[in-house]
Each structure stands twice: as structure tokens, then as C-alpha cells.
Amino acid sequence: MNALSDFNPARPVKPGTVALVGAGPGAADLLTLRALNRIRTADVILYDRLIEPEVLELARPQSELVFAGKEVGHHAWPQERINARILEEALKGRSVARLKSGDPGIFGRAGEEKAVLEAAGIPHAAQGERL
């Protein structure tokens, strides 16, 4: 499925928002307040393999947690699939957090994800930006 090709500007559902959230060094007590807020308010959280379980426990019970991790040489979730899922959920009007270890702008491919969201007109913010 190509979620971008399904995008319809006349769609009656207001698009959701997407936050590209960095979990920093990984411990829950080292998250920024903004990261904590975005985790606690997200309808859907797509997270990578280096996210500690204690960080995921901060999400609301009704939040959907989606593992979208990668390992060297093994990409069960290619970047195109991750981009499509983020876009699909935002087009449903859901609040999405793309939770990555460290800073999503350095190794997290945030630029690619932002480009897809910008092309679709989806409100989004990366680390340090306001929604």
C-alpha cells in the first residue's frame, strides 16, 4: 500500500500530527519533558529496537505500540514501510510518535520521514521543534 497515493486533500478527516521523538541515552528518567509529553499523548508509537521497555511503559494504556526496529543486515521494517505506516496513521487523524533511540536527526533518518510528511501536508515536529 502506498499511503501517499491515497492522500486526498478533500478528505474530511483532519490529519493527525507526527512527532519524531528522540529517547536520548535510553533511560526513562533521562527523557526530556517534551519527549515524555509526546509519548504520553500519542495514539500510536512506532519505536525502534533500542528503546527500553521502561520508556514504552510511559505510554497511555490505549496507545498502540508498533515495533519498527532494524538491525544491521536485517530490516524487517524497511524505511519505506515505516514512512507509509506513519503517514497512514496521521491521515486517520491520529497522533503519532516515531520514537527512536538517541537523536532522531543524526542516525534516525528523520530527514526522510519529514520529507514524506511535508509532501502530504501533515503537521510534524522533530527533536526540539514545537508542533
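Trainee: Let's start on the surface. Which residues gather in a patch of negative charge?

Mentor: Keep in mind that this is a predicted model. The patch lies on the surface. Its members are D29, E52, E54 and E57.

Trainee: Take D29. Is D29 buried or exposed?

Mentor: Place D29 in the chain before you judge. D29 sits in the loop between β1 (18-22) and α1 (33-41). The cut-off for exposed is over 50% relative accessible area. D29 has 68%, so D29 is exposed.

Trainee: Now L46. Is L46 buried or exposed?

Mentor: L46 belongs to strand β2. Buried means under 20% relative accessible area. L46 has a value of 0%, so L46 is buried.

Trainee: What about both faces of strand β2?

Mentor: β2 spans residues 44-47. V44 and L46 are on one side, I45 and Y47 on the other. All four residues are buried, so by the under 20% cut-off both faces are covered.

Trainee: Which residue in β3 stands opposite I45?

Mentor: Look at the pairing before the residue. β2 and strand β3 (residues 64-67) run parallel, joined by 4 bridges. Opposite I45 stands L65.

Trainee: And which residue in β4 stands opposite V44?

Mentor: Strand β4 covers residues 96-100. It pairs with β2 in the parallel sense, over 4 bridges. V44 faces V96.

Trainee: How far apart in space are L46 and V66?

Mentor: In sequence, 20 residues separate L46 and V66. In space, take the distance from C-alpha to C-alpha. That distance is 4.7 Å.

Key. Residues numbered from 1 in each chain as written. Predicted model: local features only at pLDDT ≥ 70, side-chain atom pairs only at ≥ 80, totals over all residues. Heavy atoms only, no water. Buried < 20%, exposed > 50% of the residue type's maximum accessible area, 1.4 Å probe, protein only. Helix = DSSP H or I, 4+ residues; strand = E, 2+ residues; numbered from the N terminus. Pairing = 2+ DSSP bridges. Patch = residues over 30% accessible without salt bridge, like charges linked within 9 Å, V, L, I, M, F, W, Y side chains within 5 Å. Areas by Shrake-Rupley, 256 points an atom, 1.4 Å probe, with all protein chains shown as cover. Salt bridge = Lys/Arg side-chain N within 4 Å of Asp/Glu carboxyl O. Lys, Arg positive; Asp, Glu negative; His and termini not counted. Charge placed at Lys NZ, Arg CZ, Asp CG, Glu CD.
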